[in-house]
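Please read them alongside the sequence and the structure shown here.

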Amino acid sequence: MSDDSRDTQNRPSPDALLEKARQETRGRLKIFLGAAPGVGKTYEMLISGRAKIADGVDVVIGVVETHGRRETEALVGGFEIVPRRMVDYKGRSLEEMDLDAILARRPELVLVDELAHTNAEGSRHSKRYLDVKELIDRGIDVYTTLNIQHVESLNDVVSQITRIRVRETVPDSIIDLADDVEIIDLTPDDLIKRLHDGKVYVSKTAERALTNYFTPGNLTALRELALRRTAQRVDDQLLTHMQAHAISGPWAAGERVVVSIDQHSHCASQVRYASRMASRLRAPWAAVYIETARSINLTESEKDTIAATLRLAEQLGGEAITIPGRDVAEELIRHAESNNVTHIVVGARKGRRWWHLFQPSVTEELIRRAGNISVHVVSGTAKETSLDGRGVKTAAAPTPFQWRAYLLASLYVVVALGFGAVLDQVLDVRNLALVFLMAVLASAVTQGLRPALYACLLSALAYNFFFLPPRYTLTIADPESVVAFFFFLGVAVVASNLTATVQRQATAASRRARTTEDLYLFSKKLAGTGTLDDVLWATAFQLASMLKVRVVLLLPENGTIAVKAGYPPDDTLDDADIAAARWAWEHNHAAGRGADTLPGAKRLYVPLRTGRAAVGVIGLDSDRRDGPLLTPDQQRLLDALADQAALAIERVQLVADVDRARLAVEADRLRSALLTSISHDLKTPLAAILGAAGTLRDYLMHMPEEDRLDLLSTVIDESERLNRFIANLLDMTKIESGAMEPNKALHYAGDIVGSTLRRGAKILARHRVTVDMPVDLPMIRVDPVLFEQVLFNLLDNAAKYAPEGTAIRIEAWADSDSVVFQVMDEGPGIPPADLERVFDTFYRVRKGDQVRAGTGLGLSICRGFIEAMAGTITAGNRPGETGAVFTIRLPRPTDIPKLYELK
């Protein structure tokens, strides 16, 4: 092993050092992890906190839930407790951890129970683990507790075991953030005994828990999950420690598997063997390909095999890694030692035995250098079937005869001949060979291997013919000149070969860097797209520009497949192409031009595949009509682009599915609320109308005039109430359907306010209404009917909630860019938690028995109408007084005509 390699191996990992530095700048996080409630996490956290207090550490309790357990309550007694803050949520007062108070107190250590807890609405963070993250980011240490069923990645597994879906989860990144994870373990029998003794839940709850959750099988499975997740975190910490301190492995505290692959087809057997071994060991694994100088000379078929083998490893759950290096065995050992690998899987190579005397095989070198790492030698299957199963024929990369390169090589030799003729006067003839050697090297650097070999031969002939005696013949008289000539020829061939190899490697590295940059930019572009059309257009453009082909993209639609994008734009397919595209989508296999299936199609159709299924089809075409469409390099590039595009399309479709599900839930909620509202708000006025009308019909002649008028007034009032309700329903339907088209024009606000007060005179009869509007208030651009309805709904709302005899006030003024209206009452006001929700459809604030019922539509209609007229409406409470205030802001028109213009 070279000194440079040894220095690199003994150097600490930059990533590990960066992680260590990051840990030193923030607080430490310790998680007490349990398999189930009741194992003693909170108790152990409090015991550890007491030990820290004894060591002189400033410790406070942020939040601890004792659940009525006496021994836990006894431990809490010795701590300073930061008072919790009260949050008003749906009419109830909830207690939450006061994050700001803890940050202001700034202790050295804070105890936070129940990491997965969801905070009440109105809190700074929606989840308690975000509170904890802010605390440690501010340099405060945190002890916290967590049950294994709340870990996000294990949520489905826990649900399958217990048949109970846990809604409150914590992302795995929080556990990875923890500096320490302490497992609080208790056997199932001991935990069940604690349940029977009433130390976990009260008696009735304990009985249900024993029946449904705390069964011995469930607890054993959860216990194993907790132990394994803790072991995984400890293994990650061990690896980080080894990398930060440049400790060469392996330390066999945990198992890791690496399989070495190359261009041979039977490497697929090695990958499958490594996958089975990792599954048995429950260990992470990776497939590693070492890219050496010889890799550039591989055939396209061998490159395809390597790419397909790495893809197979990813499909089987492993990691695909490509490492550049000079020696395969050396780089594999270096990777294994730096990543704490305990097992290396390698294939047995069959070759000429005599060759191994001069060049040991990779397997032999690995066994010799492995040290404490186990090396598994696998005899692969002799005949391995195609790995990728693409079924697409690839075109040979075009290699036209480059006459210009040979012409330039000849020119270099002619220039060298000229210099040689000049230097022949002062130098020995044998030194002139170096001049021709420069011409050979220049050809190798600029034109490649074959022109360099041509220059080598031409230089040898020119050197012999013009400079070696006897001159101007191809014979050589001097034996020393014969030796010099053949050495010159050999050195020229070796030097040209080496130089051309370096030039090819540089060209390949430049091409690979350019392709990697294009793929990175493509993935970045896809990550920033939010709509399906943007993803499809970006994909079509990227494929067309990188592969130099015409592209169409097809997605499933109504049971068939249809063109959704193309570059250049193209939406016409003939019958053969439609059949090939459908077949590729249905069978998740390539079809069309150059494929094994339906090769008569104009285009090649390749499915866009994800881990679930095919999400679409790519159609490719070019001006070249005969033969396969893509070279092997282009095919591999197509695979990479298609994988990224398929994931982006699936992401957009999943987001759309989530939105549709959310809308469906919202529609169900609205439908339920609508039915409830209709059943109550239609029945109540109808019952009053029917009752009054029936009384008038039966007792009209026997009733006093005053009672008859009172009943007739009831019929009219309830009919108007019913009419308003139906009008509100119709208005809400227009808003939600998008059919609301305001007929906006300039109007005086005073006229609309006056019309509203006349319309609402009856509902405002028991209140004092005051209006404060300046005489110079600018005109407003509104639909007068809609704006009047908004004001009417606000006045109706105020009349419902404000006690009789109180004032309802309307104010208006203008500022630099808005005209502002306010409707204020002297009622109880709006609870803070309801200030935004009052505008939700069918939402009603809790009210007293003396307040007449509403439909929950009025304020929602107000927001819809105002926003349709480019304004805003907000709800609030009057500062320093009781009562609610609704504020409307409308844009101040800039095109108000002058008085003389109106004349």
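1. A residue is called buried when its relative accessible area is under 20%. By that criterion, buried residues account for 44% of the 903 residues in the protein chain. The model is a predicted one.

2. The protein chain has an average pLDDT of 78, and 80% of the residues score at least 70. In residues 1-9 the pLDDT is below 50, and this stretch has 9 contacts in the model beyond near neighbours in sequence. Residues 899-903 also have a pLDDT below 50, with 1 contact of that kind.

3. On overall organisation, the protein chain contains 29 helices and 25 strands. Among its contacts with a separation of 6 or more, 70% are between residues 24 or more positions apart. The chain exposes about 47700 Å², of which carbon and sulfur atoms supply 55%.

4. The largest nonpolar core has 38 residues, and those touching the most other members are Phe787, Leu794, Phe821 and Ile888. Elements giving two or more residues to this core include helix H26 (749-759), strand S23 (818-824), helix H28 (858-868) and strand S25 (884-891). Helix H27 gives the most, with 9 residues.

5. Val415 belongs to helix H17 (residues 403-423).

6. Most residues other than glycine have a negative phi, and most peptide bonds are trans. The peptide bond from Tyr567 to Pro568 is cis, with omega near -5 degrees. Pro568 is placed in the loop between strand S15 (560-567) and helix H22 (575-587).

7. Two non-glycine residues may be examined together. Glu114 has a positive phi of about 55 degrees and sits in the loop between strand S6 (109-112) and helix H6 (128-137). Lys548 likewise has a positive phi of about 55 degrees; its place is the loop between helix H21 (532-547) and strand S14 (550-557). Glu114 is partly exposed at 29% relative accessibility, whereas Lys548 is exposed, with a relative accessible area of 65%.

Methods. Residues are numbered from 1 along each chain as its sequence is written. This is a predicted model: local features need pLDDT of at least 70, side-chain atom pairs count only at pLDDT 80 or more; totals for chains, interfaces and linings use all residues. Side-chain values use heavy atoms; hydrogens and water are left out. pLDDT is the predictor's confidence in each residue, from 0 to 100. Contact means heavy atoms within 4.5 Å. Helices (H or I, at least four residues) and strands (E, at least two) are DSSP runs, numbered from the N terminus. Buried means under 20% relative accessible area, exposed over 50%, partly exposed in between (1.4 Å probe, protein chains only). Accessible areas come from the Shrake-Rupley method with a 1.4 Å probe; for residues, only the protein chains shown count as cover. A nonpolar core is a set of buried Ala, Val, Leu, Ile, Met, Phe, Trp, Tyr and Cys residues joined through side-chain atoms within 4.5 Å.
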